[in-house]
Amino acid sequence: MSAIDELFVRTRAANRAALVGYLPAGFPSKELSVKAIEAMVDGGVDLVEVGLPYSDPVMDGPTIQAAADQALRAGTRTTDVIDVVRASAATGAPTVVMTYWNPVERFGVNRFAEALADAGGAGLITPDLIPDEAGEWVAASEQYGLDRIFLVAPSSTDARLAMTAEAASGFVYATAVMGVTGAREQTSALGPELVARLRKVTDKPVGVGLGVSNGDQAREVAAFADAVIVGSALVRCLLDAEDESAGLEAIRRLAQDLRAGVERT
Amino acid sequence: MYAQPDPTGHFGRFGGRFMPEALIAPLDELDKAWTDAKADPAFMAELDRMLREYANVPSPLYEAHRFSEAAGARILLKREDLNHTGAHKIRNVIGQALLAKRIGKPRAIAETGAGQHGVASATACAYLDLECVVYMGELDTQRQALNVARMKMLGAEVVPVTTGSRTLKDAINEALRDWVASVDTTSYLFGTAAGPHPFPSMVRDLTRGIGDEARAQVLELTGTLPDAAVACVGGGSNAIGLFTAFIDDADVKLVGIEAGGDGVETGRHAATITGGDVGVLHGARSFLLQDEDGQTIESHSISAGLDYPGVGPEHSFLADTGRASYVPATDAAAMSAFDLLCKTEGIIPAIESAHALAGALELAKELGPDSTILVNLSGRGDKDVHTAAEYFGLIDEPVVLEQGVEE
């Protein structure tokens with residue numbers, strides 16, 4: 001049983017959803033990105049997604065694009081991302097890397113899997129790698145005991161939902177809107193329907209992301225999902241902060257607010 | 001018989017679909033729609049009629065006698081520069097726009113670098129009554145202000161893209177972001193034979209008329225096939241359009257000319273196959289310009305249309321199998337060939353196409369005076385007059401196009 005499987009056993013036993021928080025490695029600096037992760041875990045995030053900054057993030061909206069840009073300009077390398085994973089895993093929260101595919105392929109799929117496992121990482125979320133193209137990654141993930149978190153979308157056919165859920169491990173990442181990452185005023189009506197369709201084809205935990213930015217929205221999503229995934233709103237805390245400590249405090253508070261939401265109380 | 005890609009869109013180890021899951025079902029639908037349309041004689045007859053009546057296709061084959069004399073080989077030019085909107089691009093766009101009408105999506109989006117695909121898209125959308133939004137890097141909107149004006153005249157909305165390097169690759173990213181959110185009502189008119197399946201093969205199907213026509217025209221003119229077929233390669237739509245007809249003709253050399261910029265050895269170039277490595281960008285596995293960590297590197301070329309750090313997957317496959325070869329031509333070599341064609345034939349080529357001419361001049365030395373070389377003159381140079389005039393020192397002052405904008 002993987003660290004992520006164990007997390008969902010715990011959260012299901014506690015009758016709550018898990019809280020998944022995303023922050024990019026190297027933003028605003030390598031050191032601060034580690035502090036920010038520590039702050040969000042301290043605030044109640046159960047599972048950490050460390051973003052690997054990429055030059056061409058087609059799934060991301062302006063907030064995460066800006067953060068990735070800044071991380072790359074600051075010189076963030078793939079090996080730095082692995083270092084951040086090591087520090088994140090040291091908090092005790094299962095930690096996965098969220099990455100576009102080319103940096104992994106360039107690093108070497110096996111070499112990346114080995115380095116990630118060595119750093120205490122739990123798996124990969126791959127927004128532009130579908131199971132159809134993932135043969136090499138599936139083999140490497142099995143060799144190194146890593147979870148494969150694939151995405152599904154409201155446009156996915158029932159056949160693709162079943163195929164993707166079958167190929168996934170840890171949890172299935174359901175993107176609740178047709179669109180890119182970013183905080184939205186209202187949670188999507190497409191989320192509950194997508195999760196209901198998924199439940200018919202899999203018993204694996206389902207995490208729902210895209211557009212969740214506060215505790216109330218987290219509560220809405222926690223009513224039908226096993227995990228609530230938050231990214232841009234956390235990144236926003238750092239982008240908007242006047243100084244370092246204000247940014248970290250904002251992240252901690254947002255994590256606390258979101259955590260109260262996923263408790264379903 | 002050459003038959004690529006496989007049913008899942010792979011050309012050997014290249015191609016495929018590296019895309020968000022949200023776009024996979026729409027891409028499947030597009031694949032099916034195109035497969036059905038291709039097999040529908042009424043659709044294909046309508047497309048043929050539009051190309052003939054509206055786009056001035058088939059384009060003529062022209063024997064460039066004086067250029068041949070200077071080159072030292074018999075040079076035949078496929079005159080895609082005479083098509084409506086001035087380049088081969090109209091073939092692709094009319095086809096994709098007509099398919100959009102058939103599918104019933106009222107809105108079309110496109111990306112553009114120099115603006116040629118944007119202008120062609122705006123043209124086709126005006127012709128076929130589609131709403132048109134063109135994404136263009138902010139830097140390119142400044143460098144190509146005239147093409148921005150053209151697109152607006154044709155009724156398109158032009159959205160300057162301010163992210164990343166603010167050039168073509170970022171315009172593609174932004175168009176993809178739009179498409180993920182709008183795919184129910186919107187077709188993406190992709191500008192080159194790259195991207196996720198089915199775009200590379202669909203764009204090839206739509207541009208292959210270039211080579212099919214040229215093959216018959218060369219046979220009629222010379223009684224035999226050419227020794228070589230030469231085209232410039234950025235994303236690779238005009239080149240794949242020329243090459244496809246000749247792939248099973250083993251004696252015809254296929255040569256793609258990449259943009260060598262300041263020289264591949266300087267690192268300032270857009271010669272993706274010559275100077276890049278295999279990776280994944282914009283939905284397909286292919287050669288690309290990337291750093292040690294797989295981050296995309298900005299390309300450099302005097303030709304905006306070739307200034308792209310990726311290349312279509314079928315070209316990577318043809319390079320890998322050895323069926324086609326890909327060589328760079330520097331900015332300087334291309335501009336020298338540009339000048340030669342102007343002075344010997346009275347034809348101002350697009351700077352993109354001038355790369356193919358430069359490649360043909362090199363090839364002529366290798367193949368000798370008895371050889372026949374078919375060159376795709378993929379576009380005309382009206383859009384490049386300012387760049388070329390500046391390059392050759394023919395303009396003293398920057399031309400002020402509108403307040404605050406210099407081209």
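Predicted model: local features only at pLDDT ≥ 70, side-chain atom pairs only at ≥ 80, totals over all residues.
Which residues of H14(B) are buried? The buried ones are Asp331(B), Ala333(B), Ala334(B), Met335(B), Ala337(B), Phe338(B) and Leu341(B). Their cover includes helices H3 (65-71), H15 (351-367) and H16 (385-391) of chain B, along with strands E10 (253-261) and E13 (324-330) of chain B. You can check the length of H14(B) yourself: it has 15 residues (331-345), and at 1.5 Å a residue it should span 21 Å, which agrees with its end C-alpha atoms being 21 Å apart. Just past the helix, Gly346(B) takes a positive phi of about 70 degrees.

Now hop over to chain A and find its open sheet. The 9 strands pair in parallel, in the order E5-E4-E3-E2-E1-E9-E8-E7-E6. At the edges stand E5 (147-149) and E6 (151-152) of chain A; each has a single partner strand, so one side of each has no neighbour in the sheet. Elsewhere in the sheet, E1(A) (18-24) and E9(A) (227-230) run parallel and are joined by 4 bridges. In this pair, Gly21(A) sits opposite Val230(A). Helix H1(A) (3-13) packs on the sheet, touching E1, E2 (47-51), E4 (123-125) and E5 of chain A, and its direction makes about 140 degrees with that of E1(A).

Finally, see where the two chains meet. Chain B puts 28 residues into the contact and chain A puts in 33. On the chain B side, H1 (24-38), H8 (168-182) and E11 (277-281) each supply at least two residues, with H8(B) giving the largest share, 6 residues. That side of chain B divides into 13 nonpolar, 10 polar and 5 charged residues.

Terms used
Residues numbered from 1 in each chain as written. Chains lettered and ligands numbered in written order. Expected span 1.5 Å × (residues − 1). Buried ≥ 20, exposed ≤ 12 C-beta atoms within 10 Å, placed from the backbone. Contact = placed C-beta atoms within 7 Å. Nonpolar A, V, L, I, M, F, W, Y, C, P; charged D, E, K, R; others polar. Pairing = 2+ DSSP bridges. Axes fitted to C-alpha atoms, helices over the stretch in contact; angles between N-to-C directions.
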